[in-house]
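Colleague: Please take me through this model feature by feature. For each one, I would like the general idea and then the case at hand.

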Amino acid sequence: MKTIESVLIGYVGQQTAVHTGGEIPGKRTGSYIVVQKRGGGKSNHIPSATMQFDCYAPTLSEACELSQKVIRAVEESIALDDISSVEF
């Protein structure tokens, strides 16, 4: 069974073409995205998750641009079979 973390790490990484993982990489060069589950629950047998996406880049401006790419990727993740809804 896939976890929501693995689904979003794979999808966001693919859509942004930036290293994406569940923790800060040991070698911090260039841009990267850290995806973590911060909470969740279940309602009517449907699981939910609260996710956090941290964007790192050499400059603040680049980190802000990367953040916008992540937002678009998360919005588009609704097309995945493993995602039933997206809320911000």
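Modeller: Start with histidine 45, which sits in the loop between strand 2 and strand 3; helices (H or I, at least four residues) and strands (E, at least two) are DSSP runs, numbered from the N terminus. The model is a predicted one, in which local features need pLDDT of at least 70 and side-chain atom pairs count only at pLDDT 80 or more, while totals for chains, interfaces and linings use all residues. Residues are numbered from 1 along each chain as its sequence is written, and side-chain values use heavy atoms, with hydrogens and water left out.

Colleague: What is the phi of histidine 45?

Modeller: Most residues other than glycine have a negative phi. Histidine 45 has a positive value, near 65°. Its relative accessible area is 76%, so histidine 45 counts as exposed; the classes are buried (under 20%), exposed (over 50%) and partly exposed in between, with a 1.4 Å probe and protein chains only.

Colleague: Which residue in the turn of the hairpin has a positive phi?

Modeller: Asparagine 44, at about 50°. The hairpin is formed by strand 2 and strand 3, with 2 residues between them. Alanine 17 is another non-glycine residue with a positive phi, near 60°. Alanine 17 belongs to the loop between helix 1 (4-16) and strand 1, and is exposed at 71% relative accessibility.

Colleague: How should I read the strand pairing, and in which sense do strand 2 and strand 3 pair?

Modeller: Two strands pair if DSSP finds at least two bridges between them. Strand 2 and strand 3 (residues 46-56) are antiparallel, with 11 bridges. Among the partners, lysine 42 is bridged to proline 47 of strand 3, and valine 34 to aspartate 54 of strand 3. Strand 1 (residues 19-21) runs parallel to strand 2 (residues 32-43), and 3 bridges join them. Histidine 19 has tyrosine 32 of strand 2 as its bridge partner.

Colleague: What pattern does the chain follow along the sequence?

Modeller: The order is α-β-β-β-α, from 2 helices and 3 strands. The radius of gyration is 13 Å, close to the 12 Å of the globule rule for 88 residues, so the chain is as compact as a globular protein of that length. That radius is taken over C-alpha atoms, and the rule is 2.2 Å times the number of residues to the power 0.38. Along the principal axes, the C-alpha atoms fill a box of roughly 45 × 25 × 20 Å.

Colleague: Is serine 48 buried or partly exposed?

Modeller: Serine 48 is partly exposed, at 43% relative accessibility. This serine is in strand 3 and, not counting residues up to four places away, touches Gly39, Gly40, Gly41 and Lys42. Serine 48 and valine 12 are 36 residues apart along the chain, and their C-alpha atoms are separated by 18 Å.

Colleague: And what is tyrosine 56 in contact with?

Modeller: Leaving aside neighbours within four places in sequence, tyrosine 56 contacts Ile24, Gly30, Ser31, Tyr32, Val34 and Leu66. Tyrosine 56 is in strand 3 and is partly exposed, with a relative accessible area of 30%.

Colleague: How far apart are the mean positions of the positive and negative charges?

Modeller: The mean positions of the 8 positive and 10 negative charges are 6 Å apart. Lys and Arg count as positive and Asp and Glu as negative, with His and the chain ends not counted; each charge is placed at NZ of Lys, CZ of Arg, CG of Asp or CD of Glu.

Terms used: Contact = heavy atoms within 4.5 Å.
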